[in-house]
Amino acid sequence: LKTESSGISRNKTVCKSLMSTRRLAQEVAAFLKKGDIVLFYGDLGAGKTFFIKELAGFFGVPKDLVVSPSFNIVRTYRAGEKNIVLHHFDLYRIRNEEEVAFFEFEDYLEENSILFIEWADRLGKITFPGRAISVAITITGERQREFTIAPWISSQ
Ligand SMILES: Nc1ncnc2c1ncn2[C@@H]1O[C@H](COP(=O)(O)OP(=O)(O)OP(=O)(O)O)[C@@H](O)[C@H]1O
Ligand SMILES: [Mg+2]
């Protein structure tokens, strides 16, 4: 993972095993700070939730608490030691920009929080106040995934 003082540079990484994906997620987690937004792209079963479990684990959240929040759209995990609040969104069921606007993501960006957003392609035109990073996942084999990690640019 290539990082600069200002952020993350565009990276493409192939992970051929769950362990390899876990290692990549740990690297990303170590780079995250309060106020960040991580946007996930990728088909059903690509590994968005798998990756978020690992990120949450880094902050001390038990991984089995982390599941796709499909029905509630958002789940919140409080990570004790590092005094961080993780808000995990799943926009799969969102159909239009009006429904997205309903969320007012800014309201979730309190001083201690990090946002994870699955199905970020549902967002449409939007800007975020904090640093935003995109994680795009492509299924390239039964056990293999390609991750493109890049600074997120509004309405990409
Ligand atoms: N190299 C890999 N990295 C990550 N996940 C992998 C890998 N190989 C296989 N998998 C499997 O892919 C699946 C990813 O499921 P996951 O629920 O994380 O997908 P998702 O992108 O969140 O899907 P959904 O859109 O349904 O929420 C898991 O069952 C995981 O075990
Ligand atoms: Mg998921």
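Tutor: Start with a cut-off: a polar contact is a pair of N or O atoms within 3.5 Å. This model is predicted.

Student: Which atom of lysine 48 lies 2.7 Å from an oxygen atom of ligand 1?

Tutor: A polar side-chain atom. Glutamate 118 also uses a polar side-chain atom, 3.2 Å from an oxygen atom of ligand 1. With glycine 45, a backbone N or O atom lies 2.9 Å from a ligand 1 oxygen.

Student: How much of ligand 1 does the protein bury?

Tutor: Ligand 1 taken alone exposes 650 Å², and the protein buries 78% of that.

Student: How many residues surround ligand 1?

Tutor: The count is 18. Thr21, Gly47, Lys48, Thr49 and Phe50 are the closest. Sorted by class, the shell holds six nonpolar, six polar and six charged residues.

Student: Which helices supply at least two residues each to that shell?

Tutor: Helix 1, residues 18-31, and helix 2, residues 48-58. Helix 2 gives the most, with three residues.

Student: How are two packed helices described?

Tutor: By the angle between their axes and the distance between the axes. Here helix 1 and helix 2 pack at about 50 degrees, and their axes are 8 Å apart. Helix 1 is therefore oblique to helix 2.

Student: Is the crossing of helix 1 and helix 2 left-handed or right-handed?

Tutor: Right-handed: that is how helix 1 passes helix 2.

How values were computed
Residues are numbered from 1 along each chain as its sequence is written. Chains are lettered from A and ligands numbered from 1 in the order in which they are written. This is a predicted model: local features need pLDDT of at least 70, side-chain atom pairs count only at pLDDT 80 or more; totals for chains, interfaces and linings use all residues. Side-chain values use heavy atoms; hydrogens and water are left out. A residue is near a molecule or strand if one of its heavy atoms lies within 4 Å of it. A polar contact is a pair of N or O atoms within 3.5 Å; within protein, one must be able to donate a hydrogen and the other to accept it, and residues adjacent in sequence count only if both atoms are side-chain atoms. Accessible areas come from the Shrake-Rupley method with a 1.4 Å probe; for residues, only the protein chains shown count as cover. Helices (H or I, at least four residues) and strands (E, at least two) are DSSP runs, numbered from the N terminus. Ala, Val, Leu, Ile, Met, Phe, Trp, Tyr, Cys and Pro count as nonpolar, Asp, Glu, Lys and Arg as charged, and the others, Gly among them, as polar. Axes are lines fitted to C-alpha atoms, for helices over the stretch in contact, and angles run from 0 to 180 degrees between N-to-C directions. Angles under 35 degrees count as roughly parallel, over 145 as roughly antiparallel, 65 to 115 as roughly perpendicular and the rest as oblique. A crossing is left-handed if the near helix is turned anticlockwise from the far one by less than a right angle, and right-handed if clockwise.
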